[in-house]
Amino acid sequence: MVSVGVAPVDLANGTVNVTKRDSNITINVSDVYGPNVMVPINVTVANNFNGTVVVNVNGTKYSVDISNGQGWLNLTDLAVGKYPVVAVFAEDFYFEASTDSAAFNVTGYNLTNNDVIIEVLPARELLSGENKL
C-alpha cells in the first residue's frame with residue numbers, strides 16, 4: 001500500500017491514476033479613490049488550499065500566501081489609472097493550474113470639506129503685492 005494524498009492506494013494492479021482537484025482561483029478587487037489609499041485584492045482558491053499564488057498587478061509580480069483558500073494583497077501609493085490584475089496558480093500534486101484576471105481603477109480624490117482649506121484675504125491684500133488679482 002502507498003498513500004496518494006490522503007487515500008491509500010493498492011499498487012497490486014500496477015497503475016495508479018490520481019485525479020487532481022480544480023483550484024478555481026478567483027480575484028475580487030474594487031475601484032478606489034485617491035492614489036495613496038490601500039487597494040485590497042482578495043484571492044480565493046479551493047477551500048482547503050494552503051500555498052502561494054502569483055499575482056501580477058500592472059506588470060509587477062507579488063507572491064500571495066493562501067491559507068485555507070484565502071489570501072490578500074494590499075497595495076498603496078498607486079498613481080491614478082487603470083490596473084490589470086492576473087492571479088496564477090501553477091498546479092501542484094493535489095490541484096490543477098488555474099488563472100483569473102480582473103482590473104481596478106484608481107481615480108481622483110473624493111474630496112470632503114476637511115480636505116480643502118480656503119483662506120479668505122481682505123480685499124486690500126487681493127489688490128496689492130503677491131496676492132494681486
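**Strands, a buried serine and a surface patch**

Colleague: In strand 9, which residue is the bridge partner of Val57?

Modeller: Please keep in mind that this is a predicted model. Strand 6 covers residues 51–57 and strand 9 covers residues 81–89, and these two strands run antiparallel, joined by four bridges. Within that pairing, Val54 stands opposite Val88, while the bridge partner of Val57 in strand 9 is Val85.

Colleague: In which order do the five strands form the open sheet?

Modeller: The pairing in this sheet is mixed, and each of its edge strands, strand 4 (32–33) and strand 7 (60–66), pairs on one side only. With strand 4 and strand 7 as the edge strands, the order of the open sheet reads 4-10-9-6-7.

Colleague: Which residue takes a positive phi in the hairpin of strand 6 and strand 7?

Modeller: Strand 6 and strand 7 pair in the antiparallel sense over seven bridges, and in strand 7 the bridge partner of Thr52 is Asp65. Their hairpin has two residues between the strands, and the residue with a positive phi, near 55 degrees, is Asn58.

Colleague: Is Ser98 buried or exposed?

Modeller: Ser98 belongs to strand 10, which spans residues 98–107. Leaving aside residues up to four places away in sequence, Ser98 touches Ser23, Asn24, Ile25, Ala87, Val88 and Phe89. Its relative accessibility is 13%, and because a residue under 20% is classed that way, Ser98 counts as buried.

Colleague: What polar contact joins the side chains of Ser98 and Ser23?

Modeller: Ser23 is among the residues that Ser98 touches. The side chains of Ser98 and Ser23 are joined by a polar contact, and the value for it is 2.5 Å.

Colleague: Why does Tyr94 count as partly exposed?

Modeller: Tyr94 lies in the loop between strand 9 and strand 10. Partly exposed describes residues in between buried, which is under 20%, and exposed, which is over 50%. Tyr94 is therefore partly exposed, because its relative accessible area is 45%.

Colleague: Which residues make the nonpolar surface patch of about 310 Å²?

Modeller: One of the residues in this patch is Tyr94, which lies in the loop between strand 9 and strand 10. The patch, of about 310 Å², is made by Val18, Phe93 and Tyr94.

Methods
Residues are numbered from 1 along each chain as its sequence is written. This is a predicted model: local features need pLDDT of at least 70, side-chain atom pairs count only at pLDDT 80 or more; totals for chains, interfaces and linings use all residues. Side-chain values use heavy atoms; hydrogens and water are left out. Two strands pair if DSSP finds at least two bridges between them. Buried means under 20% relative accessible area, exposed over 50%, partly exposed in between (1.4 Å probe, protein chains only). A polar contact is a pair of N or O atoms within 3.5 Å; within protein, one must be able to donate a hydrogen and the other to accept it, and residues adjacent in sequence count only if both atoms are side-chain atoms. Contact means heavy atoms within 4.5 Å. Patches are made of residues with over 30% relative accessible area and no salt bridge: like charges are joined within 9 Å, nonpolar side chains (Val, Leu, Ile, Met, Phe, Trp, Tyr) within 5 Å. Accessible areas come from the Shrake-Rupley method with a 1.4 Å probe; for residues, only the protein chains shown count as cover. A salt bridge is a side-chain nitrogen of Lys or Arg within 4 Å of a carboxyl oxygen of Asp or Glu.
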